[in-house]
Amino acid sequence: MIDLVIYGKPTGKARPRFSRRGNKVVTFTPRETQIYEQNVKSLAQVAMIGKDMFAGPVKVTIKAYFSHKKKTGWHVSRPDIDNIVKAILDGLNGVVFADDASVAQLVASKEYGEERVEVQIENV
């Protein structure tokens, strides 16, 4: 089992963007998403030092915390929870497990608290 904490505001995976270069249309991932996924990847690489990648099915638990001075409980506004999950799993791909297709169980939540994302990965 490994545990990661990504400090800062949780970021969801943004939709791909398109631009025209001459006669071609080019698809690219927005810079903010690239930076966030790279941050997740770097933290995962440190957590995996001396460990082998998970083989077989895994369970991933993701808790995203958003700050608000007066609110407690569940965070029900953007970013969408599925986009947060996508950004985290894409950052873990190739570091913690070979492919995020090996995620057999997923538990995710958005709550209020100190801004961060807590991630736990374990074998099923």
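Student: What makes β1 and β6 a pair of strands, and in which sense do they run?
Tutor: This is a predicted model, and in it β1 and β6 are joined over six bridges in the antiparallel sense. One place to look is L4, which stands opposite V119 in β6.

Student: How do you know which strands β4 pairs with, and in which directions?
Tutor: β4 and β5 run parallel and are joined by nine bridges, while β4 and β6 run antiparallel and are joined by eight. The threshold is at least two bridges, so β4 is paired with β5 and also with β6. On the β5 side, T61 stands opposite V107; on the β6 side, V60 has I121 as its bridge partner, and K63 has E118.

Student: What is the order of strands in the sheet, and why are β1 and β5 said to stand at the edges?
Tutor: The order is β1-β6-β4-β5, in an open sheet of four strands with mixed pairing. β1 and β5 each have a single partner strand, so one side of each is left without a neighbour in the sheet, and that is what places them at the edges. From one strand to the next the twist averages 10°.

Student: Which helices pack on this sheet, and which strands do they touch?
Tutor: α1 packs on the sheet and touches β1 and β6, with its direction making about 145° with that of β1. α2 also packs on the sheet, touching β1, β4, β5 and β6, and its direction makes about 125° with that of β5.

Student: Why is β4 described as largely enclosed?
Tutor: Seven of the nine residues of β4 are buried, so this strand is largely enclosed by the rest of the structure. For the protein as a whole, buried residues make up 35% of the 124 residues.

Student: What makes S109 a buried residue, and what is it in contact with?
Tutor: S109 has a relative accessibility of 13%, and buried means under 20%, so S109 counts as buried. Its place is in strand β5. When neighbours within four places in sequence are left aside, S109 is in contact with I62, K63, A64, W74 and I81.

Student: Why is Q34 called partly exposed rather than buried or exposed?
Tutor: The relative accessible area of Q34 is 36%. Buried requires a value under 20% and exposed a value over 50%, so 36% lies in between and Q34 is partly exposed. Q34 lies in helix α1; between Q34 and D90 there are 9.9 Å in space, C-alpha to C-alpha, although the two are 56 residues apart in sequence.

Student: What does the largest nonpolar core consist of, and which elements contribute to it?
Tutor: The largest nonpolar core has 28 residues, and those with the most contacts inside it are V60, I88, L92, V96, V119 and I121. Two or more residues come from each of β1 (2-7), α1 (31-47), β4 (58-66), α2 (81-92), β5 (103-112) and β6 (116-123). α2 gives the most, with six residues.

Student: Which residues is I88 in contact with, once its neighbours within four places in sequence are left aside?
Tutor: I88 is then in contact with I6, Y36, V40, I62, V117 and V119.

Student: How do the secondary-structure elements of the whole protein run, and what share of its contacts join residues at least 24 apart?
Tutor: The protein has two helices and six strands, and from the N terminus on the elements run β-β-β-α-β-α-β-β. Among contacts between residues at least 6 apart in sequence, 83% join residues at least 24 apart. The C-alpha trace spans about 50 × 45 × 25 Å along its principal axes.

Key: Residues numbered from 1 in each chain as written. Predicted model: local features only at pLDDT ≥ 70, side-chain atom pairs only at ≥ 80, totals over all residues. Heavy atoms only, no water. Core = buried A, V, L, I, M, F, W, Y, C linked by side-chain atoms within 4.5 Å. Buried < 20%, exposed > 50% of the residue type's maximum accessible area, 1.4 Å probe, protein only. Contact = heavy atoms within 4.5 Å. Axes fitted to C-alpha atoms, helices over the stretch in contact; angles between N-to-C directions.
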